[in-house]
Amino acid sequence: MRSGLSLLTLPALALAFPGAVRDEKRQLLGTVGNLLNDVSGLLGSVASSIDPDNFRPESGYDFQAPGPNDSRGPCPGLNLLANHGYLPRNGYVNFGQVVEATARGFNMGADLATVLCVFAVLTDGDIETESWYLGAGPQNVGGLVRHSTIEVDISPNREDYFLGCGDNHHLSSRIFTQNVQFAAQSADKDFGYDTMARHYGANSRFSQQYNPWLYYFPFPSIVSVVAFNFYPEYFSNGTYGSGGVANYESISSIVGAQLNKETGQYEYVPERWPEQGWYRRSTPYGAVEALTDGFTRIYPSNLVPMPIAQLGTPNLNVSTILCDIYQGLNSVTPLELGGETTDIEAQITWALGKLVAVGISDTILGCPKDVTNNNILYPNSTTAGGPLGPDPVVVSRAGNNVYNKVYFTAAPTTPQCS
Ligand code: HEM
């Protein structure tokens, strides 16, 4: 899984297999050359319509790489906010801090931030303090790396939990390379919707083909779809759709993808705003816009079946999807619970109170009432290799992000445990 064949290693191999190595070297140079061409074709675009008040980072929020004890995980947006000091740099965050920082840094709407925070607290964090870790929690329990809660398969640039053998949180070199290639081939040469829809199509077909544990549960699957819109909507320089550009400079820097021009692989480096200047979007982008864009502009490129009963019917709309999110609360197993129904009900009451405050509730949406379910995430989950019968390597990879390395140089069609 880790770094690929470097040009530097080739001379030693050449002594043993001169012909084979010449071919391999030629092939590698060809691949790297193609990638460099793609990248250079993507450079140079700048935002045309910007408001100086939206320049980020503001003064006093300089980038600082995380230290070894700082918690970072699968979300590039939150990792970046911690690296710039908009969130605590140690990566231990709470509800209020995240709603404020996501608005200030990226103009995320309060409704969308609230939905995400509710799930983070409920499934990955601590309800008393409304807090959680951006990477792994204490003793690797909880935190955003916890699989199938908010962290989910078919991510834009992370491998699936099963195929990555537990590594669901480091940026994957081979997937980002694909993302760059699709951007280079798109009409606008950017990371806009055409590129991201194609990327979603390729990633989801790959997961469907190779991941026997792919389970598209309502809430995480919705996050997976809308995370593809987050690239243009939040990471563009300026406001996407109003002169902002989803350019390579912004996106590669924000997601922490640094091209090694010798190997042609992407090293995963700490997330930061581009040094040449960046402006956040000028208007909030919230839950309704995100769901509408996700399900009309991304998801149609491959309709992965998920337990949203309204899929494929005229009843699929933002309200029914929000109801599915709302009801999804009833079937996610909160982190700290052993299945006590009364405890679950107390947690759900807390969560629903938060959602009602930003206008998402059963009465407003007319969602049908549901009863509390047990965890239905995985049938047969104790099977070897399954979520409850994991390889020891899977367990060991639940930690915080380790930066300045290359992860996944090739597509993992079977779990990459070494
Ligand atoms: C508000 C609280 C937030 C929480 C709790 C949260 C949590 C997460 C989690 C758990 C993931 C992993 C999902 C996966 O496996 O694909 C994720 C991914 C992602 N998040 Fe966030 N997030 C939040 C806010 C944001 C913001 C403000 C942005 C953008 C500015 C953002 C952008 C993304 C993107 C692009 C991904 C996909 C990463 C990739 O695979 O390329 N998130 N987030």
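**Reading the ligand site**

Author: A backbone N or O atom of Asn157 lies 2.9 Å from an oxygen atom of the ligand, where a polar contact is a pair of N or O atoms within 3.5 Å. This is a predicted model, in which local features need pLDDT of at least 70, side-chain atom pairs count only at pLDDT 80 or more, and totals for chains, interfaces and linings use all residues. Residues are numbered from 1 along each chain as its sequence is written, and side-chain values use heavy atoms, with hydrogens and water left out.

Reader: Which side chains have an N or O atom or a polar atom placed by an oxygen atom of the ligand?

Author: For Tyr231, a side-chain N or O atom is 2.5 Å from a ligand oxygen atom, and for Ser155 a polar side-chain atom lies 2.7 Å from one.

Reader: What is the protein donor of the iron atom of the ligand?

Author: Donors are N, O and S atoms within 2.8 Å of the metal (3.2 Å for Na, K and Ca), and water is not among the atoms, so sites may look incomplete. Here the only protein donor is SG of Cys75, at 2.3 Å; Cys75 is placed in the loop between strand S1 (55–56) and helix H3 (76–83), with helices (H or I, at least four residues) and strands (E, at least two) being DSSP runs numbered from the N terminus.

Terms used
A polar contact is a pair of N or O atoms within 3.5 Å; within protein, one must be able to donate a hydrogen and the other to accept it, and residues adjacent in sequence count only if both atoms are side-chain atoms.
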